[in-house]
Amino acid sequence: MRKIDIFNHIWPKPFFDRLVKELGTMTQMTKRSGDVPMMTDLDRRFEVMDMFGSDYQQVLSLASPPLEKFAGPEVALELSQIGSDSMAELVQKYPDRFPTFIATAPMNNPDAVVEESRRAIEDLGAGGVQIFTNINGKPVDLPEFEPFFDYMAKSGKPIFLHPARTQEFADYETETRSEYEIFWTLGWPYETSVTMARMVFSRMFDKFPGLKVITHHAGGMIPYFEGRVGPGWDQMGKRTSDRDLKPVLKALKRPHLEYFKEFYADTASFGSRKAIEHAIEFFGEDRVVFASDAPFDPEGGPMYIRETLRILDALDVTEEVRHKIYHGNAEKLLGLTV
């Protein structure tokens with residue numbers, strides 16, 4: 001069976017070289033990515049991929065952190081272009097391994113982000129565009145970002161939503177940093193969930209019909225908290241006394257829970273079977289796609305792929321559903337040949 005791993009990460013050599021030139025040294029999340037051989041060594045990536053047979057393919061995307069986190073508008077655009085050009089070249093050179101790639105939008109460059117996304121999709125053949133859950137601390141539902149979402153909805157290609165949060169985001173307001181990497185373990189699923197909520201309640205799915213958003217890591221916290229998200233938020237406004245929130249729900253064309261179920265989710269859950277099962281139950285069999293999040297595992301690549309495949313092969317679902325998750329849904333979303 002064809003297996004399309006739609007959310008794994010790479011730093012192509014031209015991109016990595018330009019990144020090093022810009023940063024000088026690697027720190028925090030950037031260093032973590034640079035220390036994993038599979039991120040920058042194509043031979044090592046092929047070795048890992050070969051462990052899982054010729055039916056296993058990867059859709060390439062740049063790794064965290066966001067371009068706008070460490071680069072101004074012009075450099076972010078340049079890095080986005082280099083990344084897309086490099087990945088497009090890999091897709092062209094190795095089509096059996098890499099059926100397509102995902103561009104990364106330079107969201108801090110409002111004058112160029114739409115054109116660069118268009119170039120990546122329409123000229124280079126990108127299957128979608130990656131953004132992060134905040135843009136240098138700004139929420140994604142601000143008016144300044146609407147042209148990007150408008151273009152993506154009209155393009156028919158999905159947005160890949162990747163969480164972004166660093167240790168500078170403290171766990172408590174009396175502290176200056178997050179301890180024990182809580183910012184990642186618990187903060188990233190929270191970031192994803194917050195962004196999903198902002199998109200729903202700011203009516204982005206009403207404003208931009210056809211918008212498709214793939215949430216990394218099985219939909220964050222949303223599937224686990226369906227009761228709080230659904231009946232809990234039915235009571236929006238009863239916990240708030242300084243403003244009237246009732247019009248928020250009334251402004252939506254449909255019940256808010258239906259919008260949350262319009263997101264897509266991947267299976268990158270670090271070996272958690274329950275997370276994948278919850279995602280399928282919440283989003284439905286047509287909105288879950290196979291992804292491993294390679295190469296960020298204790299083995300530097302193989303483990304998350306192996307464990308995700310093991311879970312998907314053992315799920316109590318029909319073969320038709322398994323085909324959808326492994327490749328069918330991805331083929332439709334990304335416009336891939338069957």
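## Exposure at Tyr-180

A residue is called buried when its relative accessible area is under 20%, exposed when over 50%, and partly exposed in between (1.4 Å probe, protein chains only). Tyr-180 has a relative accessible area of 75%, so Tyr-180 is exposed. Its place is the loop between strand 5 and helix 9 (182-185); helices (H or I, at least four residues) and strands (E, at least two) are DSSP runs, numbered from the N terminus.

Before we go on, please keep in mind that this is a predicted model, in which local features need pLDDT of at least 70, side-chain atom pairs count only at pLDDT 80 or more, and totals for chains, interfaces and linings use all residues. Residues are numbered from 1 along each chain as its sequence is written, and side-chain values use heavy atoms, with hydrogens and water left out.

Glu-181 lies in the loop between strand 5 and helix 9. With 55% relative accessibility, Glu-181 counts as exposed. Although Glu-181 is not a glycine, it has a positive phi of about 60°.

Phe-270 also shows a positive phi of about 60° without being a glycine. You will find Phe-270 in the loop between strand 7 (264-266) and helix 15 (273-283), and at 32% relative accessible area it is partly exposed.

## Aromatic pairs

Now to the rings. Rings of Phe, Tyr and Trp (its six-membered ring) pair if their centres lie within 6.5 Å; planes under 30 degrees apart count as stacked, over 60 as edge-to-face and the rest as tilted. The whole structure holds 18 aromatic pairs. In one of them, the ring centres of Phe-7 and Phe-160 are 5.1 Å apart and the planes stand at 75°, so this pair is edge-to-face. Phe-7 belongs to strand 1 (residues 3-10) and Phe-160 to strand 5 (residues 159-162), so the pair links distant parts of the chain, 153 residues apart. Both Phe-7 and Phe-160 are buried.

Phe-148 and Phe-149 make an edge-to-face pair too, at 5.3 Å centre to centre and 75° between the planes. Phe-148 is buried at 1% relative accessible area, and Phe-149 is buried at 1% as well.

## Two cis peptide bonds

The peptide bond from Ser-64 to Pro-65 is cis, with omega near 10°. Pro-65 sits in the loop between strand 2 (56-62) and helix 5 (67-70).

A cis peptide bond, again with omega near 10°, runs from Ala-294 to Pro-295. Here the loop is the one between strand 8 (288-289) and helix 16 (302-314).
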